[in-house]
Amino acid sequence: MNLALPLPEYGVLGLALVVLLYDLVVPERVSRRALGWVCALGFAGVLALLLRSDAPQVAPVPTAFGGMYVADGLALAFKTLIVAAAMLASLASLDYLEARGVRWQGEYYLLLTLVTFALMCLVSAGDLLTLYVALELNSIGFYALVAVLKGRSLTSSEAGLKYLILGALSSALLLYGISLLYGLSGTVSLAGLAAWAAGAARSPALVVALALVAAGLAFKMSLVPFHMWAPDVYQAAPTPVTAFLSVAGKTAALALLVRVLDAALGGFIGVWDKLLMVLMAATFVWANLGALKQRDAKRLMAYSSVAQAGYLAIGVAAGSALGLQAALFYALVYVFTNVAAFQVLQLVAESGGPELSGLRGLGRRSPGLALILAAAVLSLAGIPPFGGFFGKFYLFAAGVREGIVAGRSWLLALVGLAVVMSIVSLFYYLILVKQMYIEPADPEAPGTGGPVAVPLGARLVLGVCAAMILWTGLYPSPILAWIRQALF
Amino acid sequence: MGLREVLLAVFAFGALAFALAVVSTRNTVYAALEFVAHLLCLAALYCLLDAPLLGVLQVMVYAGAIMVLFLFAVMMLDIQETGRESAFQGPGQVAGALLLAALLFALLVFGADRFPAAALAPAAAPGAPGVGADNVVRVARALFERGALVFEAVGVLLLTAVVAVMVMAKRRLEN
Amino acid sequence: MTPAPLPLVPPPAFRLGAFLWKLVLTPGAALSGTVAPALRAALGPHLPPAGVEAVLALLCFVAMSGFVTVTALVLTLAERKVAAFFQNRKGPNRVGPWGLLQPIADVVKLLQKEDTVPRAADRPVFLLAPFMAMAATYMVLAVLPFDRGLAVTDLDLGVLYITAVSGLGVLSILMAGWASANKYSLLGGLRSAAQIVSYELSPALVVLSVVLFSGTLSVQGIVERQAAGWNLWAMGPMGVVGMLIYLTAGTAEINRAPFDLPEAESELTAGYHTEYSGMRFSMFQLAEFMNMFVVAALTATLFLGGWQPLGPLAALHIPGYLWFFGKSGAMVFVIMWFRWTFPRVRVDQLMTLEWKILLPLSFLNLIGVALWTALGMK
């Protein structure tokens with residue numbers, strides 16, 4: 001057994017211990033702001049470690065703990081995204097928490113690291129047990145992170161509670177599905193399940209098990225109708241947490257879908273792809289139409305990210321290598337794009353409030369910020385020359401290809417719906433742009449006078465994200481090569 | 001039918017009866033006590049099914065610690081009867097609950113029918129000597145060899161939960 | 001060619017005498033080796049196997065009830081005599097020679113008392129609580145090793161079982177406190193729950209360290225492993241620390257002074273059993289005295305070699321149960337000594353002691369024992 005295999009996880013756990021000890025040792029009156037830098041540096045170190053390690057190029061992939069931990073290229077790639085998101089989230093949190101005088105800063109950064117650890121274990125899960133424990137760990141951490149503004153904002157507590165109750169329900173569904181799967185197959189190992197699925201007969205119990213597992217995972221992915229927590233939670237949570245939840249939580253859920261449905265239960269693709277496609281169709285329609293009538297910027301972005309989860313799932317539904325690569329590329333673009341958008345909205349909300357109208361006149365007040373937000377939302381809508389265009393293009397192409405090659409006409413129809421709804425989404429993304437550049441600023445409104453202050457942490461976040469949005473859009477081939485190598 | 005089967009039936013029906021009592025009792029303290037009884041029945045079932053370690057841990061953790069804290073909270077808050085009305089409001093809810101229960105039961109029966117024999121076979125011959133001690137060794141091997149990472153992750157999970165509860169529940173002490 | 005030896009059959013009176021002598025010297029071997037097979041053989045043809053086991057279980061129950069009664073009587077008297085000794089008084093001295101019959105008189109008095117149930121009380125729970133207390137105590141007694149082979153049963157998971165079922169006793173206290181519909185009772189019950197749940201941790205860790213050192217979970221097994229040397233010194237410094245932790249936390253777990261906050265008479269009248277009288281009250285008393293004996297006996301078993309003789313004294317061939325009761329009695333005396341020496345602690349001191357001192361210390365102790373065992377010091 002190779003105990004050194006989960007080195008990145010150990011690194012993040014070590015970081016958690018550092019945070020814990022710092023919080024214990026440093027006197028209470030000293031601000032915990034420095035912890036944000038500690039976390040960012042720690043995550044940067046782990047990120048460097050991940051980027052330096054090569055994805056295994058030969059089967060069998062290295063595993064540890066009797067196959068309960070898998071260190072394949074998929075895990076490596078998704079971990080890179082998650083740790084990058086965690087780094088950006090710690091940078092974004094620095095001044096956000098300080099400005100609000102949040103008392104639980106030590107705990108906040110601790111939870112952030114522990115959640116990152118959970119997500120890393122999640123994408124490396126080689127076993128339904130690892131998967132479930134990691135999923136619970138990440139959920140519990142997020143419940144508290146969402147409610148960390150408790151006492152300052154009632155909606156934060158409300159969102160935490162709502163998330164907790166619905167999350168517990170979805171965990172129960174998933175666990176019930178897992179227990180049925182175990183009963184049917186006699187194994188909880190994903191590799192064992194894959195071997196079993198290759199030759200097992202279908203039964204009503206199997207359909208129920210798959211439906212329950214898919215529902216549990218769809219909750220984490222926030223696919224309609226398991227999305228009802230998302231708008232409230234995204235709106236009320238501290239903005240850095242929202243950004244982290246929307247990107248890291250979602251990419252990890254994507255990795256889970258790939259691992260559980262595509263890899264382990266690929267033999268039953270004929271059963272679960274119908275379930276998944278119904279969820280996705282509902283997601284495209286509901287989320288994109290729902291976003292149109294939102295007045296709160298974060299709520300609008302919540303609906304947008306529900307819709308984005310639907311696009312990501314196309315790669316899973318296709319079930320092909322191409323689809324997987326496309327999904328990973330899109331996830332990468334999505335991480336930086338969404339973090340950029342939330343970061344700008346966070347800065348603007350400090351002065352202009354959470355409403356969409358707070359963005360008015362941003363194009364004149366802070367042209368840089370406005371430009372980045374515009375680039376981010378256009379990328380999300382899939383407009384060239386930004387990364388989102390290629391992401392969507394690859395995803396749709398993978399779906400169409402798989403639909404034609406494998407003769408799955410439902411998949412073709414689904415991609416068609418996705419294209420149409422993607423055009424609808426342009427509508428609400430452009431509302432944001434219109435607010436910034438066309439709507440006249442209200443001279444009476446508070447905080448709309450001068451340029452928006454951008455602290456150092458936010459500058460770093462925005463710089464990294466803007467660079468990535470442009471890089472993925474203008475010169476994606478090195479990134480595609482990295483993805484291909486990871487998923488060989 | 002040996003003693004074992006008789007006891008299995010007794011404790012299985014006991015567990016069911018107490019579980020029903022838990023959800024139908026209005027008095028919260030009674031419900032908690034009935035839940036303890038239910039857990040003890042489950043522990044007895046585990047012991048009869050050659051998983052004595054699980055049974056003992058069930059008593060230690062659930063009946064001895066968790067339910068005590070639960071009773072503590074219930075008694076301290078002095079939660080009395082939770083309203084006069086029945087737990088189920090209207091025939092629709094009763095019918096829905098029964099339907100769902102029937103569905104789950106059918107799923108269990110038909111699903112278990114398809115479970116491979118390996119998943120249902122006992123881990124060791126029933127009543128074999130040393131099953132108890134062997135049980136501990138096997139559980140320990142499973143926990144600390146294959147499951148070491150998950151075990152540690154559960155430890156981290158508990159830490160997270162403790163910190164999360166502190167963040168959510170602790171009031172600010174103003175100097 | 002040698003003649004076949006004649007079958008030598010000793011006369012029945014001699015056989016009975018030999019058996020009784022064996023019963024005195026090694027009751028475990030006599031009971032489990034002679035009596036139990038004889039009973040099984042006698043009952044076998046008339047009853048199904050389950051019935052035979054039920055009869056044996058019933059006999060064990062009767063025997064344990066006798067043991068509980070006698071022990072409780074002895075302990076009530078001992079408690080008062082020890083108290084008198086510490087306070088330089090004579091103690092009970094009117095009933096019987098040196099007051100030896102005082103506990104009998106107490107029992108008669110208690111039995112005569114009216115059995116009252118307060119009108120506001122929650123009747124079923126109120127009536128059930130004393131039985132719960134007794135049941136939890138009996139369950140622990142089932143695995144107590146009085147001598148080699150002399151225990152109701154020897155479970156593979158013995159010490160885990162003890163830790164588990166001794167945690168059930170607190171339920172009876174909570175039930176009694178709540179059902180009495182009396183604020184003192186309720187406060188006593190709640191205090192007790194907080195105290196017992198806290199003080200379950202460090203004894204469990206100490207037991208774990210003993211298990212780690214002995215390599216077995218069976219109580220008899222742990223005693224057998226102490227043939228070469230008692231755990232008190234075989235475990236190195238960790239043995240002494242472990243025993244001190246176990247004795248302290250055990251005293252707190254049974255709500256005895258100086259940790260008797262649940263029934264602190266100056267604050268709570270009599271705590272959770274304020275409203276109980278007569279038989280029901282005496283059942284709580286019985287359970288409390290037995291719990292004290294159980295803690296003392298477990299300390300003796302885990303650290304002082306249980307029924308094992310002390311090194312060179314093995315040559316004296318003193319029966320094992322005498323060693324067991326001698327060591328347990330010494331521990332009982334220590335626990336009573338605590339009571340008359342230390343003033344009662346405050347709630348915050350109580351919690352500080354467990355969570356900030358005993359618990360970290362038990363963890364360190366466990367690590368120490370693990371190293372000690374890994375280094376092959378056993």
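This report looks at contacts within and between chains of a predicted model.

## Ground rules

Local features need pLDDT of at least 70 and side-chain atom pairs count only at pLDDT 80 or more, while totals for chains, interfaces and linings use all residues. Residues are numbered from 1 along each chain as its sequence is written, and chains are lettered from A in the order in which they are written.

## Where chain A meets chain B

Chain A puts 36 residues into this contact and chain B 27 residues (in contact means C-beta atoms, placed from the backbone, within 7 Å). On the chain A side, two or more residues each come from helices H4 (105-123), H5 (128-146), H6 (154-185) and H8 (204-221); helices are DSSP runs of H or I, at least four residues, numbered from the N terminus. H5(A) gives the most, with 10 residues.

## A helix pair in chain A

H7 (190-197) and H10 (239-264) of chain A pack at about 30 degrees with axes 9 Å apart (axes are lines fitted to C-alpha atoms over the stretch in contact, and angles run from 0 to 180 degrees between N-to-C directions). That makes H7(A) roughly parallel to H10(A), a label for angles under 35 degrees. From H7(A), A:Leu190, A:Leu193, A:Ala194 and A:Ala197 meet A:Arg259, A:Ala263 and A:Ala264 in H10(A).

## Two domains in chain C

Chain C splits into domain 1 (57-112) and domain 2 (116-374), with bounds from an automatic or database domain assignment. Their C-alpha centres lie 20 Å apart. Domain 1 of chain C brings 13 residues to the contact and domain 2 brings 16 residues. H3(C) supplies the largest share of the domain 1 side, 11 residues.

Terms used: Two residues are in contact if their C-beta atoms, placed from the backbone, lie within 7 Å. Angles under 35 degrees count as roughly parallel, over 145 as roughly antiparallel, 65 to 115 as roughly perpendicular and the rest as oblique.
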